[in-house]
Amino acid sequence: MELTTVWFCVVAFLFIGYFVLEGFDFGVGMLLPVVAKNDRERRAMINTIGPLWDGNEVWLIVAGASIFAAFPEWYATLFSGFYLPLLLILVALIVRGVAFEYRHQRDDASWKKRWDAAIIFGSFVPALLWGVAFGNIVRGVEIDADKNYVGTVFDLLNPYALLAGLVTLTLFLTHGANFLALKTRGIIHERARTVSLQVGLVAAVLAVVFLVWTSLDHGEAWVWVLSGLAALTFVGGLLAAWARRDGWAFVGTMAAIGFAVTALFVALFPDVMPSTLDPAYSLTTENAASTDKTLGIMSWVALIFVPIVIGYQAWSYWVFRKRISVESIPDTVHA
């Protein structure tokens, strides 16, 4: 297998990991005003993702660094063409991270309310815009012969990309609700399970329309197979939530997101950013890649450090595996 193909697979794997893991903590953040009815319940919800959210963002940092080093032409076109949406995502992630750190610094209701709004904003914006961005990448954008994006921001707001944004938004809400149901007891558990079933039905309809649209546009057998697996595992997750099998419900949405993102990367290959002006202008794994020497060095570095990072993160999830209840949140200690 060519090193360019290997690194395309590595980038796909990193984004799958990012959406699977950060998808649920985006969902928990967005569900803050829906599931929790008072400060103590909000603190319990935040505590479910408190030890995990920053580790989940490592996957995005590594994915961005991998694109920069392995496919510099892709990185340049992507970050210049999608400058505004990617900047909004970055600002939202920073605001969200600051909110987690500052929310508990003062025992003041209005102070906490403002940081809660920041958490909701910082979770909602990336959950929506990542779908819009990936929808445009898979659909193709206006790239000229010099590999520059020549469209406008409004060109990115096409029906296919907006549908992709709604799909990621509702999928992450469902994934977050399943995570909350898995990690909590009592009233939060019951509310999260109800939200999972209600939002999950909307997500299922949107996801099926999007995946059929993608499969019809690209027509490859593997895209149909992976899309079908995404739909089946998502429905399985909903059925597990209905049957109160919290662990299987979470595995179902996790697998659905994994299969759906894999289908998008399979539909994209061998392009990394198709051009809608002329297929000859498209960025591919070959014309957007670094030299073989660079890719070779990167491969050895990845072989050593990626297993270490994955092992550390798995250990973190194991350490913080216990369920949380509102009763375990003291009145006098801030979240």
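Predicted model: local features only at pLDDT ≥ 70, side-chain atom pairs only at ≥ 80, totals over all residues.
Arginine 96 touches quite a list of residues beyond its neighbours up to four places away in sequence: Glu22, Asp25, Phe26, Ile49, Trp53, Glu57, Ala118, Ile119, Gly122 and Ser123. Look for arginine 96 in helix 6, which covers residues 83–102.

Is arginine 96 buried or exposed? Its relative accessible area is 0%, so arginine 96 is buried.

## Helix 1 and its two partners

Now turn to helix 1. Two packed helices are described by the angle between their axes and the distance between the axes. Helix 1 (residues 3–30) packs against helix 8 (residues 159–183) at an angle of about 85°, and their axes are 7 Å apart. Angles from 65 to 115 degrees count as roughly perpendicular, so helix 1 and helix 8 are described as roughly perpendicular to each other. On the helix 1 side, the meeting residues are Phe19, Val20, Gly23, Phe24, Phe26, Gly27, Val28 and Met30, while helix 8 brings Leu169, Phe172, Leu173, His175, Gly176, Phe179 and Leu180. Sorted by class, this contact of helix 1 with helix 8 has 11 nonpolar residues, 4 polar residues and no charged ones.

What is the angle at which helix 1 and helix 3 cross? The axes of helix 1 and helix 3 (residues 39–49) cross at roughly 170° and come within 10 Å. Angles over 145 degrees count as roughly antiparallel, and helix 1 and helix 3 are therefore roughly antiparallel to each other. Here Phe24, Asp25 and Val28 of helix 1 meet Met45, Thr48 and Ile49 of helix 3. By class, the contact of helix 1 with helix 3 has 4 nonpolar, 1 polar and 1 charged residues.

## Along helix 7

Helix 7 runs over residues 109–139 and has 31 residues. From its first C-alpha to its last, helix 7 reaches 45 Å, close to the 45 Å expected at 1.5 Å a residue.

Asparagine 136 sits in helix 7 and is buried, with a relative accessible area of 1%. Which backbone oxygen does the side chain of asparagine 136 reach at 3.0 Å? That oxygen belongs to valine 132. A polar atom of the asparagine 136 side chain also lies 2.8 Å from the backbone oxygen of leucine 156. Setting aside residues up to four places away in sequence, asparagine 136 touches Phe82, Val141, Asp155, Leu156, Asn158 and Ala161.

Isoleucine 137 is found in helix 7 too. Its relative accessibility is 6%, so isoleucine 137 counts as buried. Apart from residues up to four places away in sequence, isoleucine 137 touches Leu78, Phe82, Leu268, Val272, Met273 and Pro274.

## A threonine in helix 8

Threonine 170 has its place in helix 8. Why does threonine 170 count as buried? Buried means under 20% relative accessible area, and threonine 170 has a relative accessibility of 10%.

Leaving aside its neighbours within four places in sequence, threonine 170 is in contact with Val199, Val202, Ala203 and Leu206. The C-alpha atoms of threonine 170 and leucine 201 are separated by 9.4 Å, and these two residues are 31 residues apart along the chain.

## Backbone details in the loops

Most residues other than glycine have a negative phi, and most peptide bonds are trans.

Lysine 147 is not a glycine, yet its phi is positive, at about 65°. Lysine 147 is found in the loop between helix 7 and helix 8, and with a relative accessible area of 23% it is partly exposed. Arginine 244 is another residue other than glycine with a positive phi, near 65°. Its loop lies between helix 10 (221–242) and helix 11, and at 46% relative accessibility arginine 244 counts as partly exposed.

Finally, which peptide bond is cis, with omega near 5°? It is the bond from phenylalanine 269 to proline 270. You can find proline 270 in the loop between helix 11 (246–268) and strand 1 (271–273).

Conventions
Residues numbered from 1 in each chain as written. Heavy atoms only, no water. Axes fitted to C-alpha atoms, helices over the stretch in contact; angles between N-to-C directions. Helix = DSSP H or I, 4+ residues; strand = E, 2+ residues; numbered from the N terminus. Parallel < 35°, antiparallel > 145°, perpendicular 65-115°, else oblique. Contact = heavy atoms within 4.5 Å. Nonpolar A, V, L, I, M, F, W, Y, C, P; charged D, E, K, R; others polar. Expected span 1.5 Å × (residues − 1). Buried < 20%, exposed > 50% of the residue type's maximum accessible area, 1.4 Å probe, protein only. Polar contact = N/O pair within 3.5 Å; in protein donor to acceptor, adjacent residues only side chain to side chain.
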